[in-house]
Amino acid sequence: MSILTEISTFLQQGRANNVKELVSKALEEGNSAQQILDEGLLSGMSVIGEKFKNNEVYVPEVLIAARAMNAGMEILKPVLISSNSKAKGKVVLGTVKGDLHDIGKNLVKIMFEGKGIEVIDLGVDVAPQVFVDTAIKENANIIACSALLTTTMTMMKDVVKEAEDRGLKGKVTVMIGGAPVTQNFCDSIGADYYAPDAASASDTALQICQS
Ligand code: B1M
């Protein structure tokens, strides 16, 4: 088994210490940081993402794999930055105003990062203006909003309106999701994309960033 396949396998098993050790070893052996990221860490996260989408693994396994990914990234990040490796796109992510649920949002973040997309995480209780201000300041490709309450999902309409009022229509994509959110709701408020889960959100985000 190649060292990159081993990294991918350990990541899927959530073995953070092994991932960290092997990432250092792979660098010492002359593998490039980008190759370790793509063929080791991201390859492992993408297997976990698919399994999660198909209900073959659940939230705890995803969080443990994510911790292993983060352990590997601690070693890789400085090298990637110094080799000017480009992120595949940038997303401004948050849970909408009035809503404090962040477990799903954090999973979405992990999956985005697993695809090599940079995430500006605004946390929870994020006002529409803050989403839009940050997207403009950071020159983001996507504004991604999460909501878990029927009382707060309506806030997503305000994000869409704020983005339109500030001239972002056609420039920045608004993606929405969360347990009470549906495709019909997405269409009704004029958001660009709805994703039912974290894995499909990251697939869609990557397509948007690469288009
Ligand atoms: Co609350 N809560 N909660 N809660 N809570 C729900 C959502 C609820 C359904 C429980 C219930 O009554 N059965 C209910 C909402 C009812 C409704 O509006 N229809 C509810 C309520 C009412 C409340 C309070 C109002 C309770 C109260 O105080 N009376 C209160 C509100 C606080 C607030 O936000 N202002 C409240 C508080 C809390 C806690 C703080 C205790 C805690 C949150 C802790 C935290 O997040 N740090 C909590 C929790 C844990 C839940 C439940 C039990 C679990 C939610 C969760 O994390 N699921 C939830 C009941 C349930 O869902 N069974 C419930 C796991 C997570 C992985 O799933 O977030 O759906 P989810 O994310 C998925 C997808 O939705 C999607 O991807 C994720 C993974 O695939 N996704 C996206 C999410 N965001 C996305 C964005 C995307 C794309 C996909 O694109 C951008």
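## The cobalt site

Donors are N, O and S atoms within 2.8 Å of the metal, and because water is not among the atoms, sites may look incomplete. In this predicted model, the only protein donor of the cobalt atom of the ligand is His101, through its NE2 atom at 2.2 Å. Where does histidine 101 lie? Histidine 101 is in the loop between E1 and H5.

## Overall make-up

The protein contains 9 helices and 5 strands. Read from the N terminus, its elements follow the order α-α-α-α-β-α-β-α-β-α-β-α-β-α.

The C-alpha trace spans about 50 × 35 × 25 Å along the principal axes of the protein. A compact globule with 211 residues would have a radius of gyration near 17 Å, and the protein, at 17 Å, agrees with that. Of its 211 residues, 46% count as buried. The accessible surface of the protein is about 10,200 Å², and carbon and sulfur atoms account for 50% of this area. Among the contacts with a separation of 6 or more, 72% are between residues 24 or more positions apart.

Strand E1 covers residues 90–95. How many of its residues are buried? The count is 6 of 6. In a regular strand the side chains alternate between the two faces of the sheet. On one side of E1 are Lys90, Val92 and Gly94, and on the other are Val91, Leu93 and Thr95; all are buried, so both faces are covered.

E1 pairs with two strands described here. With strand E2 (residues 118–121) the pairing is parallel and has 4 bridges; here valine 92 has isoleucine 120 as its bridge partner. With strand E3 (residues 142–146) the pairing is also parallel, and 5 bridges join the two strands; here leucine 93 stands opposite alanine 144.

E1, helix H5 (residues 103–114) and E2 together form a right-handed β-α-β unit. The loop between E1 and H5 is the one that holds histidine 101, the residue whose NE2 atom is the cobalt donor.

## Serine 202

Serine 202 is part of helix H9, which runs over residues 198–210. Is serine 202 buried or exposed? Serine 202 counts as buried because its relative accessibility is 2%, and the limit for buried is under 20%.

Which residues does serine 202 touch, leaving aside those up to four places away in sequence? The residues are Met111, Phe112, Lys115 and Ile117. Helix H5 comprises residues 103–114, and Met111 and Phe112 carry numbers in that range.

Asparagine 139 is exposed, because its relative accessible area of 65% lies over the 50% limit.

Notes
Residues numbered from 1 in each chain as written. Predicted model: local features only at pLDDT ≥ 70, side-chain atom pairs only at ≥ 80, totals over all residues. Heavy atoms only, no water. Buried < 20%, exposed > 50% of the residue type's maximum accessible area, 1.4 Å probe, protein only. Contact = heavy atoms within 4.5 Å. Pairing = 2+ DSSP bridges. Right-handed = clockwise from strand over helix to strand, strands pointing away. Donors = N, O, S within 2.8 Å, 3.2 Å for Na, K, Ca; no water. Rg over C-alpha atoms; globule rule 2.2 N^0.38 Å. Areas by Shrake-Rupley, 256 points an atom, 1.4 Å probe, with all protein chains shown as cover.
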